[in-house]
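Biologist: I would like to learn how labels are given to parts of a protein. Can we go through them one by one?

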Amino acid sequence: MKKIKLIVADHDAAFLQSFGEYVLSSDAQHQFDLKLCTSEESLGRYLESDEHFDLILLKPELYKQEQLHSFRGIILYLEEAKKDIETNQQLFKYQPITKLLSDMLSLYYEQNKSLDANNGTTGRTSIIGFYSATGGAGKTTLAANMSRQLAIMGKKIFYLNFEVLNSRELYFRSDEDKPSLEVFYYLKAKPHQLMSKVETLKKHDPLMNVDYFDWPTNPEEMLEATKDEILKLIQAISATDQYDYILIDMDSSFQVLSQAAFAACDQLFWLLNNDMQSFHKTNELLKNLDQLLGKGHGVQEKIEYIVNRFTGHVSEPFITYDFAIKGYLPYVQEWNPLVDRDQMMSHPHYTQELLAIIRGLVETSKEGAPNG
C-alpha cells in the first residue's frame, strides 16, 4: 500500500500538533508519510531536499512562488473562513480532522489521477471474491469474518457487497450519514471523478475496522451497471492505493455483478454447503463456465473450495465430484438462531479454522486472533 507523502504547513502550531497526533494515532498513519512545518524556512528545507512529496497542504500566506515553482505534486490551501473557499484547491481548516482528511484525499485523487477504462489495478491490492452456487451457504459470514481477521492482522480492507438482496448491515455498520449510492452516478456520468468519490462516499465500521459502501437492498442503479462499469468501480477502489485487500461478496445468481467480480478477483473462495444440492449445482455451473464467461476466462485456476457447516466428514456421494477442498469451516450450533453480529465474530472454533485457511491461502505477515 503506497503512502502519500504529505507536507502540512501552517503558522498555527496547535493546529499542526492536533493534526499530527490524529494521523499518528489513527489508521491514517498507514496512508500518509507526514511532515509538519510552522515556517517558510522549514518548508523550504523539505522542498530543497531530494525527497519527493505528493501533496502540500498549506496556509496561503506560506505560499512562496520561488519555493514552489518546481514542485510537481498537488498544492491545496487551508482557508480559515468558508466564504474564502472558491476553488477546488481550497479546504476549510476548522472542521473535524477526519472530514478534512477525507476532503483532502478526494481533491488529491481528483486532481492527481484519472482512471481509464482500459487500466488495470495497481498491483498493490489483492482482490478476493466469495461465491456460492446456492444461497444461504454462509458466504457473507465468511467474507465478514475474513475482513475482520485481516484487519486484526493490520491489513487495510475494503468490503464490497454485490448481492442483490444484501445482508451487509448485519455485519458492517457506521454512524456516518453519507449513503454510497451516488457512486453509480459518477460511474456512468463522471467516471473521471470516480476515484475521488470512493473517498467521500465510502463508510468505515470502527469495530470491524473495515471500509465499505452502503447501498440499499436491490438498488436499481447497481443492477443496471454493465460489466465494464463494475470492473471500473473495482479498479477505482484499488487505484487509491489505500487497501491491501478488496473482498467482494458476490451474488449467487450469475448476473453481471458476479461476472465482473469473477473477472477481477485474484482468488475466489467458493463455498460448498455440506449437502448434495450445493455440490450438484456447483458441478453444473462449472460445466457451463465457458458458455457463460467465454473461453479463456481462467476462473477455475482462481478457485479455492471451502466446505461450510462441516461436521467431521464429507458423505461418500459428495466425494465423487472430486473438488479439491482447501478448507473446512465448522457447523456452529450456537448460530441457530442468529441473534447479533458479536456471535458471528467471536466463535473460537470457526475463527481457528478460518485462520488456518488464511494462513494457507493468503499471504500475511501477522497472525490474527479471535475476538471476544
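Modeller: Take Arg-341: its relative accessible area is 9%, and it is buried. This is a predicted model.

Biologist: Why is Arg-341 called buried?

Modeller: Buried means under 20% relative accessible area. Arg-341 has 9%, so it is buried. Arg-341 sits in helix H14, residues 341-344.

Biologist: What does Arg-341 touch, leaving aside its neighbours within four places in sequence?

Modeller: Its contacts are Leu-170, Tyr-171, Phe-172, Arg-173, Asp-205, Leu-207 and Met-208. Contact means heavy atoms within 4.5 Å.

Biologist: How far apart are Asp-340 and Leu-170, in sequence and in space?

Modeller: They are 170 residues apart in sequence. In space, C-alpha to C-alpha, they are 7.7 Å apart.

Biologist: How do you know whether Leu-43 is buried or exposed?

Modeller: Its relative accessible area is 0%. The cut-off for buried is under 20%. So Leu-43 is buried. This residue lies in helix H2, residues 40-48.

Biologist: Which residues touch Leu-43, not counting those up to four places away in sequence?

Modeller: They are Ile-7, Ala-9, Cys-37, Leu-58, Leu-62 and Gln-67. As for Leu-57, it is 14 residues from Leu-43 in sequence, and their C-alpha atoms are 11 Å apart.

Biologist: What makes Ala-14 exposed?

Modeller: Exposed means over 50%. Ala-14 has 51%, so it is exposed. Ala-14 belongs to helix H1, residues 13-25. Its C-alpha is 14 Å from that of Pro-96, which is 82 residues away along the chain.

Biologist: What is said about the phi of Arg-309?

Modeller: Arg-309 is not a glycine, although its phi is positive, about 55 degrees. Most residues other than glycine have a negative phi. Arg-309 is in strand S12, residues 303-310. Its relative accessibility is 31%, so it counts as partly exposed.

Biologist: And what is the phi of Asp-322?

Modeller: Asp-322 has a positive phi of about 60 degrees, and it is not a glycine either. It is found in the loop between helix H13 (316-319) and strand S13 (325-330).

Biologist: Why is Asp-322 called exposed?

Modeller: Its relative accessible area is 67%. The exposed label needs over 50%. So Asp-322 is exposed.

Biologist: Let us step back to the whole protein. How do you know whether its radius of gyration agrees with a compact globule?

Modeller: With 372 residues, a compact globule would have a radius near 21 Å. The protein has 23 Å, which agrees. The C-alpha trace spans about 75 × 45 × 35 Å along its principal axes.

Biologist: How many helices and strands are there?

Modeller: There are 15 helices and 13 strands.

Biologist: What share of the residues counts as buried?

Modeller: Of the 372 residues, 53% do.

Biologist: What share of the contacts with a separation of 6 or more joins residues 24 or more positions apart?

Modeller: Such pairs account for 70% of them.

Conventions: Residues are numbered from 1 along each chain as its sequence is written. This is a predicted model: local features need pLDDT of at least 70, side-chain atom pairs count only at pLDDT 80 or more; totals for chains, interfaces and linings use all residues. Side-chain values use heavy atoms; hydrogens and water are left out. Helices (H or I, at least four residues) and strands (E, at least two) are DSSP runs, numbered from the N terminus. The radius of gyration is taken over C-alpha atoms; the globule rule is 2.2 Å times the number of residues to the power 0.38. Buried means under 20% relative accessible area, exposed over 50%, partly exposed in between (1.4 Å probe, protein chains only).
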